[in-house]
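Welcome! Take a moment to look over the model shown here, and then we will walk through some of its features together.

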Amino acid sequence: MSGGKTYCGENGVSTVRIADGGKIQFLPCSLSVNGTSVSRGQIPFLLYSVAEQEEKTMVSGVQDNIYG
């Protein structure tokens, strides 16, 4: 594989808050055998999307009773 020079991060955080109030959490993986961890390594990029939340509107009906 070939490409440009890359850098490795140190002292990373396991949870990142994103603009919409959500969070991205990084977890340890037992498959990592090259010295990377939650706090040390590199991520080329992170792509995520935020689904819009549907607004649930509750409509209450009124029943008219006519006694005659």
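Asn 11 counts as exposed, because its relative accessibility is 70%, and exposed means over 50%. In this predicted model, Asn 11 sits in the segment before β1, the strand that covers residues 15-17. There is something to notice in its backbone, too: Asn 11 has a positive phi of about 60°, although it is not a glycine. Most residues other than glycine have a negative phi.

Let us step to a residue beside it in the numbering. Glu 10 also belongs to the segment before β1. Which residues does Glu 10 touch, once those up to four places away in sequence are set aside? The answer is Ser 39 and Arg 40. With Arg 40 there is a polar contact between the two side chains, at 2.9 Å. Thr 36 is 26 residues away from Glu 10 along the chain, and the C-alpha atoms of the two are separated by 9.7 Å. The table puts these two distances side by side.

| Pair | What is given | Distance |
|---|---|---|
| Glu 10 and Arg 40 | side-chain polar contact | 2.9 Å |
| Glu 10 and Thr 36 | C-alpha separation | 9.7 Å |

Next comes a strand residue. Lys 23 is part of strand β2, which runs over residues 23-25. Beyond its neighbours within four places in sequence, Lys 23 is in contact with Thr 15, Val 16, Arg 17 and Ile 18.

Now for the whole protein. Its secondary structure comes to two strands and zero helices. Of its 68 residues, 4% count as buried. The accessible surface is about 7,200 Å², and carbon and sulfur atoms account for 53% of that area. Looking at contacts between residues at least 6 apart in sequence, 49% join residues at least 24 apart.

Finally, where is there open space? The largest pocket has a volume of about 370 Å³. Its lining is made up of 17 residues, and those nearest its centre are Ser 37, Val 38, Arg 40, Gly 41 and Ile 43. By type, the lining divides into nine polar, seven nonpolar and one charged residue. Arg 40, named here among the residues nearest the pocket centre, is also the partner of Glu 10 in the polar contact of 2.9 Å.

How values were computed. Residues are numbered from 1 along each chain as its sequence is written. This is a predicted model: local features need pLDDT of at least 70, side-chain atom pairs count only at pLDDT 80 or more; totals for chains, interfaces and linings use all residues. Side-chain values use heavy atoms; hydrogens and water are left out. Helices (H or I, at least four residues) and strands (E, at least two) are DSSP runs, numbered from the N terminus. Buried means under 20% relative accessible area, exposed over 50%, partly exposed in between (1.4 Å probe, protein chains only). Contact means heavy atoms within 4.5 Å. A polar contact is a pair of N or O atoms within 3.5 Å; within protein, one must be able to donate a hydrogen and the other to accept it, and residues adjacent in sequence count only if both atoms are side-chain atoms. Accessible areas come from the Shrake-Rupley method with a 1.4 Å probe; for residues, only the protein chains shown count as cover. On a 1 Å grid over the protein atoms alone, a cavity is a set of points where a 1.4 Å probe fits but cannot get out, and a pocket is an open set with protein on both sides within 12 Å along at least five of seven lines; lining residues have an atom within 4 Å of a point. Grid points are joined across faces, edges and corners, and a volume is the space filled by probe spheres set on the points. Ala, Val, Leu, Ile, Met, Phe, Trp, Tyr, Cys and Pro count as nonpolar, Asp, Glu, Lys and Arg as charged, and the others, Gly among them, as polar.
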